[in-house]
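Here is a short briefing on one protein chain. Look at the fold first, then work through the points below.

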Amino acid sequence: MAGNELPQDALGGPLHGAAHEAPHEPPHAGADERAQWRALQGDVEGLADVAAERGRGLIDAARLQAQSYVEQRKSDAAQSVHDLAQTIRNSGRDLGDKTNVRAFFDSAADGLEQLGSSIERRSLGDFYSEAESIARRAPVAVAVGTFVAGLIAARFIKSSSLPPEAPDGDARDSFRA
């Protein structure tokens, strides 16, 4: 029921009158029923408001927790990229006299450092927008990439689900009937 409607009887009228009153109730029970109905309706509306407010609070808390988690993972990813860049730069230094190879390693390390800095600067929304624009520009490439990633994930899951090999036989023997 919407708004301030009162319950309707089968004839379409509000619930009141002699047919809906118990024989021991006073003649003014119809007004009491309406007052009780309005009080109940107010209680339900109040509960709905409280539930909606708590729901919004729960959603806000979940959003903050998710943002915090994403920011932490983003920082971890950026640090990993910076560490990889430093490792590549150090590997290039070990080649000392081969300047062309060393320049290649330095260039790769510079690119990775720029990537790490970009990860630190950007927000999740920026990454989403960029991924969306790439998907719009090259949908076939995204579809192929997704398919290949799915194949790799399926292969990884399949290989990790096999039991360890038994020393006295083939591990596949346990699957045979």
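The chain exposes about 13800 Å², and carbon and sulfur atoms supply 60% of that area. Accessible areas come from the Shrake-Rupley method with a 1.4 Å probe, and for residues only the protein chains shown count as cover. This is a predicted model: local features need pLDDT of at least 70, side-chain atom pairs count only at pLDDT 80 or more, and totals for chains, interfaces and linings use all residues. Residues are numbered from 1 along each chain as its sequence is written, and side-chain values use heavy atoms, leaving out hydrogens and water.

**Overall fold**
- The chain has 4 helices and 0 strands; these are DSSP runs (helices H or I, at least four residues; strands E, at least two), numbered from the N terminus.
- Of the 177 residues, 10% count as buried (buried is under 20% relative accessible area, exposed over 50%, partly exposed in between, with a 1.4 Å probe and protein chains only).

- Helix 2 covers residues 99-121, and its 23 residues should span 33 Å at 1.5 Å a residue (the expected span is 1.5 Å times one less than the number of residues).
- Its end C-alpha atoms are 32 Å apart, which agrees.
- The largest nonpolar core has 6 residues: Ala78, Val81, Ala85, Ala109, Leu112 and Ile119.
- Helix 1 (29-93) and helix 2 are the elements that give two or more residues to this core.
- A nonpolar core is a set of buried Ala, Val, Leu, Ile, Met, Phe, Trp, Tyr and Cys residues joined through side-chain atoms within 4.5 Å.

**Salt bridges**
- The whole structure holds 9 salt bridges (a side-chain nitrogen of Lys or Arg within 4 Å of a carboxyl oxygen of Asp or Glu).
- Asp110 and Arg89 meet in one, at 2.7 Å from N to O.
- This pair links distant parts of the chain: Asp110 lies in helix 2 and Arg89 in helix 1, 21 residues apart.
- Arg89 is buried, at 12% relative accessible area, whereas Asp110 is partly exposed, at 37%.
- Arg89, Asp106, Asp110 and Glu113 are linked in a network of salt bridges.

**Aromatic pair**
- Which two residues form an aromatic pair? Phe104 and Phe105 do, edge-to-face, with 6.1 Å centre to centre and 90° between the planes.
- Rings of Phe, Tyr and Trp (its six-membered ring) pair if their centres lie within 6.5 Å; planes under 30 degrees apart count as stacked, over 60 as edge-to-face and the rest as tilted.
- Phe104 counts as exposed, at 59% relative accessibility.
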